[in-house]
Amino acid sequence: MSEARARPPRRGPRPPEQRPGERGRVAPGQDAIEHPPLWHLPAPRVLAGLGSTTGGLSEDAAAERLRAVGPNRLEPPRAKPLWLRVLAHFHDVLIYILLVAAVLKAALGHWTDFGVILLVAVANAVIGFVQEGRAEQALAGIRAMLVASAEVRRDTGWRGIDAAQLVPGDVVRLRAGDRVPADLRVLEATGLRAEEAALTGESAPVEKTPDPVPAEATLGDRRCLLFSGTLVTAGQGQGVVIATGAATELGRIQTLVASVSALATPLTTQLARFGRVIAVAVLALALVMVLIGAFLTTRAMPELLSAAIAVSVAAVPEGLPAMVTITLALGVQQMARRRAIVRTLPAVETLGSVTTICSDKTGTLTQNEMTARMLVTAAAVYEVSGTGYDPSGEITLRRGTRPGPIRDAPALDATILALDLCNDAHLTPPSDRGDDGARWALVGEPTEGALRSLTLKAGLPAHGWSRLGTVPFSSERKLMATLDQHPDGARAVHVKGAPDRLLDRCAHQLDPGGVREPLDRLYWERQAQDLGAAGLRVLAVARQRVPRSRDALDDRDLNAGLTMCGLVGIVDPARPEATRSIEQCRRAGIRVTMITGDHPGTAEAIAAEVGILEPHVSAPGAGGPRPEQVLSGADLDALDDAGLDERLPHTRVFARTSPEHKMRIVTALQRRGEVVAMTGDGVNDAPALARADVGVAMGVKGTEATKEAADIVLADDNFATIEHAVAEGRRITANIRKAVLFLLPANGGQALVVLVAVLIGLPLPLEPAQVLWINMVTSITLSFALAYEPAEPHGMRHPPRPAASGLLGAALWARIGLVSAVIGAVTLGAFYGLSDSGVPQDRAQTVAVTVLALAQLGYLLSCRSLTASSLTPAVFRGNPVIWWSALALVLLQVAYTYTPPLHGVFGSAPIGPLDWLLALGLGLVVFLAAELGKVLLPSHGEAGGGPRRAPPPAVPAPVVPGSAVPRPEPGSPRSTPRHTNLEE
C-alpha cells in the first residue's frame with residue numbers, strides 16, 4: 001500500500017463535543033446550549049442561546065456578529081505556487097530515466113532523439129498538471145451551491161439581503177422553490193419539505209417540523225434542521241440561522257474534501273517500483289561493463305565509455321511512459337463509448353485493480369424515479385409493471401383476498417381515481433419537449449409523480465372532474481385532501497396520506513363489490529406492515545361522499561367518516577441490469593457494498609433485490625435488517641476502528657450514513673489493503689469520492705461538486721456501466737503489462753549484444769546510433785500495437801491482481817530473461833557468422849539490426865497473450881493494428897537498408913534477399929522460443945492477476961414482495977378505464 005493510505009488518523013466514536021453541527025460560526029452565548037445538540041432542544045431555547053428572538057436581530061447586532069464570525073461563504077483553500085506544482089510532475093523515477101536517456105543522446109550528438117525524449121517527459125508532466133486539482137474544483141462545485149440572497153427579519157421587518165451577510169441568530173423565511181442559505185433550526189413549518197438527497201442521500205423530500213429530535217439522530221433524521229444548499233420543495237416556514245460558512249454541513253464537507261490526500265494508484269506504485277529497479281540495473285550494468293572491460297580487455301577507455309552509453313541507451317525503456325500514457329488515453333476513448341467519462345488517466349488502470357465497489361443506492365442501483373409497485377384493496381392485491389415515470393405498464397391481479405366479484409374491481413377504480421385527483425404532479429412526455437429517447441419529466445413531488453404515472457397506466461385521467469378545494473399536506477396531519485366535483489354535479493372528498501393517520505379517520509371500507517362495510521383495521525395494518533417490510537413506501541387512500549352544496553374543505557371535515565379505498569406501495573426501483581452486473585462483479589472477485597443515506601429497511605430491500613445481500617440473510621418480514629449484514633450510521637458511531645475492521649468482512653450495507661461515515665468506511669477498507677471504487681451523486685459523497693482509489697460520479701443526477709471530485713463520471717448513472725468500466729480497466733492493465741513484457745526483452749537483447757561483445761573483446765555488432773535506430777523504429781511502430789489488444793477471454797472470471805504485487809510476476813521476469821538471451825544470441829550469431837564468412841562489417845551490422853527488428857516482431861506476436869499459446873490462427877485476428885505496425889516497421893527498415901542518406905548517418909548498407917530470409921527465420925526462432933517459455937515458465941493467473949479459482953456459485957436475487965412483477969397470465973384481469981360510482 002502507498003504511504004498516503006496510512007495518513008488518515010485513527011477514527012473511533014466521535015465524542016459528544018465533536019458531533020457535526022454542534023460547533024461552528026455561532027454568536028456568543030451558543031456555548032451554553034451545545035450540550036445537548038441544537039436539534040434536541042426546543043426552538044425557544046435555541047433562540048435564547050443564540051441571543052435572538054422570533055423577531056430576528058437588529059441591524060447593529062447583525063453587523064457586530066458579522067465582524068465576529070465573518071461572511072457566510074466558503075473560502076477557497078490556499079493554492080500551491082505554480083512553479084512548485086509544475087516541478088512536482090517531474091518527480092518520478094521514470095521521468096528521471098527519460099531525462100537521463102535524453103542526456104545520453106545529447107552526449108552522442110543526436111539532438112533530434114534528445115528533443116523527442118525530452119518532449120515525452122514534458123508531455124507526461126503536462127498531462128499530470130492538467131489533471132491535477134480536481135479536489136480544488138470539487139470545492140468550487142460545493143461553493144457554487146451556496147445561495148446568493150435570502151429573506152431575513154431585521155429590526156422586526158422582512159427584507160432581502162445578500163446571503164453572505166447572514167449571521168447566527170438571523171431569522172430567515174423560506175417558501176417552496178427556495179434554496180436554503182445557511183444551516184437553520186426550524187421555528188415554524190407549514191407543509192415544509194426539503195430535498196436533501198445531495199447532502200444526506202434521502203431519496204424522497206424530507207418533512208420539516210419545529211419539534212426536537214433525539215440527540216443521537218443522524219443527519220438525515222434531524223427533521224428540525226434545514227441545511228445550507230438544499231432545496232425547499234413544498235410548503236413554507238421560518239428558521240433561525242445556527243451556522244454559516246465553513247461551520248455549515250456544506251462547509252464541513254469542504255473541509256473533508258480539502259483534507260483528503262491523493263492516493264498512489266496501483267499502476268503508479270508498480271511503475272515507480274519498476275522504474276527504480278530498471279534505473280539501478282542500467283547503472284550497475286554500465287559500471288560493471290566498464291570495469292570488466294578496463295581490467296580484462298585491451299579496449300581503450302573512450303571506446304568502453306561509448307559502449308557503456310550504447311548499453312545504457314539500449315537498456316532504458318524510454319518508450320514506456322509514452323506507451324503507458326497512450327494506452328490509458330485509448331482506454332479513455334473506449335470507456336467514453338461505454339458512457340464512462342474518465343477525468344484522470346490513472347483511474348483507467350486503477351479500475352482494473354478494484355477489489356471493492358462501494359455503491360450509492362439512489363440513482364446507481366436504483367432508477368431515482370419513484371414507482372408504484374403494489375396496490376391493495378379489501379378485495380385483492382395488484383401488481384404494477386413498468387418503472388419510473390414512464391406510464392408504460394399495466395396493473396395485474398396478484399391474488400384475491402376475499403370471495404366475491406373481482407373482475408369489475410370497483411375498489412381498485414376508486415383507489416386510482418382518488419390518487420389521480422388528490423395529486424399536484426404533472427408528467428411531460430419526451431415528445432412534448434423534443435427529447436427523442438429521453439425519459440418522462442416530472443414537475444412536482446417524486447411520490448406524486450409515481451402516483452400520476454400509475455393513474456396513466458390505468459387509463460383514468462380523462463374523467464372530467466374539477467377541484468373545488470384543498471387541504472395541503474403537512475407534517476402534523478401527514479395527509480392531503482381535495483374536494484372534487486364530477487361532471488354530473490356529485491361531489492366527493494379524496495384523501496391520501498400515512499396509513500395510521502387515515503385509518504384513525506376512517507369508519508368504513510369498500511367491499512369487493514364497491515359497497516361500504518365496517519372497517520377491518522387489523523387487515524389494513526397487516527397489509528401496510530407487509531408492504532413496508534418489502535421496502536415499499538406505503539400510502540393509504542380514502543374518500544367520502546359529500547353534499548352537492550359543499551364548496552369548501554378544511555381539516556375539520558376529515559376527522560371521521562372516511563371510507564378506506566386501498567393502499568399503494570411505492571419504491572425507487574432497482575435497475576434491472578444492476579443484478580446481472582453485481583453478479584458479474586462477484587464472479588470477478590469484486591465485492592459490492594452499498595453505502596447510502598437512506599433508511600436501513602429501504603436499503604436492505606434494494607440490496608436484497610439486486611443480490612448484494614444473500615437471500616438467507618435478508619428475508620421479507622424478518623423483522624428488520626440483520627446486524628451481520630447491515631450497519632447504520634448510529635452503529636458506526638458506536639464502533640471504534642478495531643470493531644469496524646472486525647465487522648467489515650460481514651457487512652454489505654451501510655445505511656443512514658453521513659459524509660464522515662462514508663470516508664471512514666472507505667479508509668477502513670483501504671487499511672485492509674482493498675482497492676476501493678466509490679460511487680455517489682450528492683455533495684455528501686464528494687469527500688469519500690476524493691478519498692477512494694477511484695471516485696465515480698453520476699453524470700445525469702450528480703451534483704457538480706461530486707463530478708469535480710470524481711475520477712470517472714457515468715453518463716447514464718448506471719451501475720452496469722461501472723462493471724463495463726472495470727472490465728475495460730482490466731483489459732488496459734493487461735495490455736500495459738503485455739507492453740512491458742515486450743519492451744524489456746527488446747531492450748535487454750540489445751544491451752546483451754553490446755555487453756557480450758565488450759566482454760569477449762570482439763567488434764561491436766551494434767553502434768550506439770544503430771541502437772538508437774532500432775529503439776526508435778520499434779517504439780513508434782510495435783510498442784503501441786499492444787495498446788489495441790482486445791480483452792483476454794474470461795478476463796472478468798479472475799480476481800484482481802493484488803495492489804501490492806509487482807508489475808510483473810516472477811514467471812514473467814524469468815520469461816523476459818529467456819527471450820532476452822534468445823534475442824541476443826540470434827543477433828550475435830547472425831553478426832559474427834556473417835563476419836566470419838567475410839561479409840563487410842557495415843553489412844553484417846545491418847543484418848544484425850534487421851534481425852533485431854524482425855525478432856521483436858516475432859516476439860510481439862507471442863506477447864498478444866500473457867498465458868495462452870499464440871500458436872493458433874487467432875494470432876492473426878482481433879488486432880489489425882499489429883499488421884499495420886509490422887508493415888510500418890518493414891518499410892522503415894527497408895529505408896534504413898537501402899537509402900543512401902541513412903547509410904551515412906547510421907553506418908548501414910544494402911543487404912540481399914538471403915539476408916532478409918535469415919533475419920525472418922531468426923525472428924521465427926524468437927517467436928517459438930517465447931512460446932516455449934510459456935510452457936516452461938507458466939504464469940498462472942497472470943491474465944487476471946490473481947490465482948485462478950473457480951467462481952463461487954451464483955447467488956440468485958431473492959424475490960421481494962412488490963419487487964418482481966411477473967407477466968400476467970392469459971385472461972387475468974387488468975385495469976381499464978371505468979366510471980366510478982359515488983354511491984357507496
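**Inside the core**

Guide: Let's start with the largest nonpolar core: among its 140 residues, Ile357, Leu567, Ile612 and Ile712 touch the most other members. A nonpolar core here is a set of buried Ala, Val, Leu, Ile, Met, Phe, Trp, Tyr and Cys residues joined through side-chain atoms within 4.5 Å. Buried means under 20% relative accessible area, exposed over 50%, and partly exposed in between (1.4 Å probe, protein chains only). Helix α25, residues 719-760, gives the most to this core, with 17 residues. Helices are DSSP runs (H or I, at least four residues) and strands are too (E, at least two), numbered from the N terminus.

Before going on, a word on the source: this is a predicted model, where local features need pLDDT of at least 70 and side-chain atom pairs count only at pLDDT 80 or more, while totals for chains, interfaces and linings use all residues. Residues are numbered from 1 along each chain as its sequence is written, and side-chain values use heavy atoms, with hydrogens and water left out.

Now zoom in on Ile357. Leaving aside residues up to four places away in sequence, Ile357 touches Cys585, Ile590, Arg591, Val592, Thr593, Ala677, Thr679, Phe719, Ile722 and Val726. Contact means heavy atoms within 4.5 Å.

One more buried spot is worth a stop: Arg656 counts as buried because its relative accessibility is 5%. You'll find Arg656 in the loop between β24 (653-655) and α22 (659-671). Arg656 isn't a glycine, yet has a positive phi of about 55 degrees. Most residues other than glycine have a negative phi.
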